[in-house]
Amino acid sequence: MISMSLKAQSYANAFTGNLGIVQDGIGGLFSYNYFLDRHDFIDAGVLLTAANFKYVDGIKIPYNDFTLNLGYSKNVFWNYKNTFNVNIGAGGVFGYETVNKGDKELKNGAIIRSEPGFIYGAYIGIDLDYAITDQYSITLRANEYYHANSDLGEFMPFLGLGFRYYAN
């Protein structure tokens with residue numbers, strides 16, 4: 001009697017962590033991917049940023065964004081071995097923004113009019129994925145965030161390199 005064992009990639013759930021840069025700072029994007037089929041997935045993530053807004057006379061105002069992202073990612077390219085994938089994603093953003101750690105006065109005596117508060121908007125991005133093994137891949141993620149009600153600016157780019165773990 002001959003027995004066979006087959007092993008194939010199973011895409012149902014994945015966890016992704018990307019560390020990178022945002023405008024004038026650093027950020028981390030951590031997400032859960034629920035695959036609808038072999039390539040397309042629903043993406044739920046958290047973006048954390050630490051950056052400095054450049055003000056006059058070389059003064060930098062620290063700010064942080066904490067956002068929840070929910071979107072859909074569509075595969076637009078893959079090679080025949082399925083080791084390299086390109087996905088385009090878009091979705092909504094909801095979060096919180098702090099400015100100058102809540103302090104209203106700058107070092108030069110200027111008063112900040114911006115209040116910490118909730119922000120909302122949308123994002124669009126591209127995700128490059130290169131499989132190392134059946135369970136791990138390297139990702140390069142580039143997103144452009146639009147915050148409709150941010151006091152520091154409506155657009156914020158993110159570029160990050162990271163890993164994706166397929167948990168099946």
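**View 1. Pairing of strand 2 with strand 3 in the predicted model.** Strand 2 (residues 25-35) and strand 3 (residues 41-54) are antiparallel and joined by 11 bridges. Within this pair, Tyr-34 has Ile-42 of strand 3 as its bridge partner.

**View 2. Strand 3 against strand 4.** Strand 3 is also joined to strand 4 (residues 60-78), running antiparallel, by 12 bridges. Ile-42 has a bridge partner here too, Tyr-72 of strand 4. The hairpin of these strands has 5 residues between them, and Asp-57 takes a positive phi near 60°.

**View 3. Strand 4 against strand 5.** Strand 4 pairs with strand 5 (residues 84-99) in the antiparallel sense, over 15 bridges. Asn-64 has Thr-98 of strand 5 as its bridge partner. The two strands form a hairpin with 5 residues between them, and Asn-82 in the turn has a positive phi of about 60°.

**View 4. A nonpolar patch on the surface.** The patch includes Phe-15, Ile-21, Tyr-130, Ile-138, Leu-161 and Phe-163, and its residues together have about 1,100 Å² of accessible area. Strand 1 (13-22), strand 7 (136-147) and strand 8 (155-166) are the elements that give two or more residues to it. Strand 8 gives the most, with 4 residues.

**View 5. Phe-163 in strand 8.** Phe-163, one of the patch residues, lies in strand 8. Phe-163 counts as exposed because its relative accessible area is 54%, where the cut-off is over 50%.

Methods
Residues numbered from 1 in each chain as written. Predicted model: local features only at pLDDT ≥ 70, side-chain atom pairs only at ≥ 80, totals over all residues. Heavy atoms only, no water. Pairing = 2+ DSSP bridges. Patch = residues over 30% accessible without salt bridge, like charges linked within 9 Å, V, L, I, M, F, W, Y side chains within 5 Å. Areas by Shrake-Rupley, 256 points an atom, 1.4 Å probe, with all protein chains shown as cover. Salt bridge = Lys/Arg side-chain N within 4 Å of Asp/Glu carboxyl O. Buried < 20%, exposed > 50% of the residue type's maximum accessible area, 1.4 Å probe, protein only.
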